[in-house]
Amino acid sequence: MSDRTVVGLDGTEGIDLTGVDVFVGGPIQHAIRDDGFHRPLRHAIRDIIDAVTAARGTVFSAHVAEKFGVDTPLFSPDQVSVRDIGWMRRCDVFVPVLPVDANGELMRTDGTHVELGWASALGKPIVVVTPLPMAANASHLLRGLPSVADVTVFDLAEACAQPVQLLRLLEKLGQQAVMAK
């Protein structure tokens, strides 16, 4: 086994995200509930972050920085905007997690949609992680984004149950982005 072989998650042996910066985004403000952060979303984002980290990737995450909503009130709009655009400029791949609510509609996430615009404008590869088929209330701009930007849509359930395919995609896109720098 080489020193670059990654172990820790089933099936991730040989996947190496060393040197790849992944910005994981998704709802925060609209995911904060009276009883805490929306649990299914928290688990999905945590699973993706843990998988990328296990594969030695670097993760930028407002969810981690803001402790899944606990510290969100401590950050000003200016701080969040400056931080997130900085992460977007530095990342190699943007991974927005777009969950659905109990009615099957996309959870509101204004900030993530702004970040999708930044990623598109900066030419970053985007891997949208959301339940498939995409929710009926997804906007035309979100549905049409793959026609104007480097966007792959990946099933949320698959990303959480079997992160290997997502990691392989991130490895491929990340390595291409790193080589293009």
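Is the crossing of helix 3 and helix 4 left-handed or right-handed? The crossing is right-handed, and point 2 sets out its geometry.

1. Basis of the note. This is a predicted model, in which local features need pLDDT of at least 70, side-chain atom pairs count only at pLDDT 80 or more, and totals for chains, interfaces and linings use all residues. Residues are numbered from 1 along each chain as its sequence is written, and side-chain values use heavy atoms, with hydrogens and water left out.

2. Helix 3 and helix 4. Helix 3 covers residues 77-90 and helix 4 covers residues 110-121; their axes come within 10 Å and cross at roughly 35°. Helices here are DSSP runs of H or I with at least four residues, strands are runs of E with at least two, and both are numbered from the N terminus. Axes are lines fitted to C-alpha atoms, for helices over the stretch in contact, with angles from 0 to 180 degrees between N-to-C directions. A crossing is right-handed if the near helix is turned clockwise from the far one by less than a right angle, and left-handed if anticlockwise.

3. Residues at this crossing. Helix 3 contributes Ser81, Asp84, Ile85 and Met88, and helix 4 contributes Glu115, Trp118 and Ala119. Contact means heavy atoms within 4.5 Å. Sorted by class, the residues comprise 4 nonpolar, 1 polar and 2 charged. In this scheme Ala, Val, Leu, Ile, Met, Phe, Trp, Tyr, Cys and Pro are nonpolar, Asp, Glu, Lys and Arg are charged, and the others, Gly among them, are polar.

4. The nonpolar core. The largest nonpolar core has 52 residues, and Val127 and Val129 have the most contacts inside it. The largest share of this core, 7 residues, comes from helix 1 (residues 39-54). Such a core is a set of buried Ala, Val, Leu, Ile, Met, Phe, Trp, Tyr and Cys residues joined through side-chain atoms within 4.5 Å. Buried means under 20% relative accessible area, exposed over 50%, and partly exposed in between (1.4 Å probe, protein chains only). Beyond its neighbours within four places in sequence, Val127 is in contact with residues including Val93, Phe94, Val95, Phe154 and Leu166.

5. Ile49 in helix 1. Ile49 lies in helix 1 and is buried at 3% relative accessibility. Its contacts, leaving aside neighbours within four places in sequence, are Val24, Val59, Ser61 and Val64. Ile49 and Val24 are 25 residues apart along the chain, yet their C-alpha atoms are separated by 7.3 Å.

6. Arg90 in helix 3. Arg90 lies in helix 3 and is partly exposed, with a relative accessible area of 48%. Leaving aside neighbours within four places in sequence, Arg90 is in contact with Asp21, Phe60, Lys124 and Lys181. The C-alpha atoms of Arg90 and Asp21 are separated by 7.2 Å, although the two are 69 residues apart along the chain.

7. The cysteines. How many disulfides does the structure hold? The structure holds 0 disulfides, a disulfide being a pair of cysteine sulfur atoms within 2.5 Å. The sulfur of Cys91 is 20 Å from the closest cysteine sulfur, that of Cys160, and therefore too far for a bond. Cys91 is buried, with a relative accessible area of 0%, whereas Cys160 is partly exposed at 27%.

8. Backbone features in loops. Most residues other than glycine have a negative phi, and most peptide bonds are trans. Arg56, a residue other than glycine, has a positive phi near 70°; Arg56 is in the loop between helix 1 and strand 4 (58-60) and is partly exposed at 37% relative accessibility. Phe68 also has a positive phi, of about 50°, although it is not a glycine. Phe68 is in the loop between helix 2 (62-65) and helix 3 and is buried at 7% relative accessibility. The peptide bond from Leu132 to Pro133 is cis, with omega near 0°, and Pro133 is in the loop between strand 6 (126-130) and helix 5 (140-144).

9. Met107. Which loop holds Met107? Met107 is in the loop between strand 5 (93-96) and helix 4, and is buried, with a relative accessible area of 7%. Among its contacts, leaving aside neighbours within four places in sequence, are Pro27, His30, Leu41 and Val100. The C-alpha atoms of Met107 and Asn137, 30 residues apart along the chain, are separated by 9.7 Å.
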